[in-house]
Amino acid sequence: MNLVLIKLLVSAAIIAAASELAKRVPALAALIVSLPLVSVLVMIWMQVETKDAAKIASHAEATFWYVLPSLPMFLILPAMLRAGMNFWLALAACCGITALLYLATIQLAARFGVSL
């Protein structure tokens with residue numbers, strides 16, 4: 001079986017399982033999706049395909065820095081929803097805020113010698 005197809009099926013299965021679980025036990029689904037499964041899978045696929053330790057290390061480090069500006073979304077979105085904001089509008093606003101935080105993180109990291 002083609003490696004791309006295997007990657008697609010494994011990744012899709014994880015997402016589908018988490019979304020189905022979220023309907024029944026939201027906290028457990030949140031725990032599962034908070035795990036760095038996507039990052040781990042990407043590093044596994046990179047190892048299988050390239051065996052390039054330097055690229056894998058670079059990926060892992062960049063992932064750390066990009067996780068930080070994404071975290072506020074998980075506090076802002078529930079606050080917006082609880083305040084009665086429309087889901088789609090709140091989600092779009094959070095995505096916009098997160099994008100701005102990504103840009104700020106890239107600029108701030110550069111000041112400390114971290115290239116993202």
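User: What sort of residues line the largest pocket, nonpolar, polar or charged?
Analyst: In this predicted model, the lining of the largest pocket divides into 25 nonpolar residues and 7 polar ones, with no charged residues among them.

User: And what volume does that pocket have?
Analyst: The volume of the largest pocket comes to about 930 Å³. Of the 32 residues that line the largest pocket, those closest to its centre are Ile32, Val33, Ser34, Leu35 and Phe74.

User: Which elements give two or more residues to the lining?
Analyst: Those elements are α1 (3-24), α2 (26-34), α3 (37-49), α4 (53-70) and α5 (73-82), each of which gives two or more residues to the lining of the largest pocket.

User: Switching topic, which residues make up the largest nonpolar core?
Analyst: The largest nonpolar core has 5 residues in all, namely Met73, Leu77, Met80, Ala90 and Cys94. Two or more residues of this core come from each of α5 and α6 (87-111), and α5 gives the largest share, 3 residues.

User: What is cysteine 94 in contact with, leaving aside its neighbours within four places in sequence?
Analyst: With those neighbours left aside, cysteine 94 is in contact with Met73, Ile76, Leu77 and Met80.

User: Last one: where is isoleucine 44, and why is it called partly exposed?
Analyst: Isoleucine 44 has its place in helix α3. Isoleucine 44 is called partly exposed because its relative accessible area is 40%, and partly exposed covers what lies between buried, under 20%, and exposed, over 50%.

User: How far is its C-alpha atom from that of valine 10?
Analyst: The C-alpha atoms of isoleucine 44 and valine 10 are separated by 12 Å, and the two residues are 34 residues apart along the chain.

Note on methods. Residues numbered from 1 in each chain as written. Predicted model: local features only at pLDDT ≥ 70, side-chain atom pairs only at ≥ 80, totals over all residues. Heavy atoms only, no water. 1 Å grid on protein atoms, 1.4 Å probe; cavity = no way out; pocket = protein on both sides within 12 Å on 5 of 7 lines; lining within 4 Å. Points joined across faces, edges and corners; volume = space filled by probe spheres on them. Helix = DSSP H or I, 4+ residues; strand = E, 2+ residues; numbered from the N terminus. Nonpolar A, V, L, I, M, F, W, Y, C, P; charged D, E, K, R; others polar. Core = buried A, V, L, I, M, F, W, Y, C linked by side-chain atoms within 4.5 Å. Buried < 20%, exposed > 50% of the residue type's maximum accessible area, 1.4 Å probe, protein only. Contact = heavy atoms within 4.5 Å.
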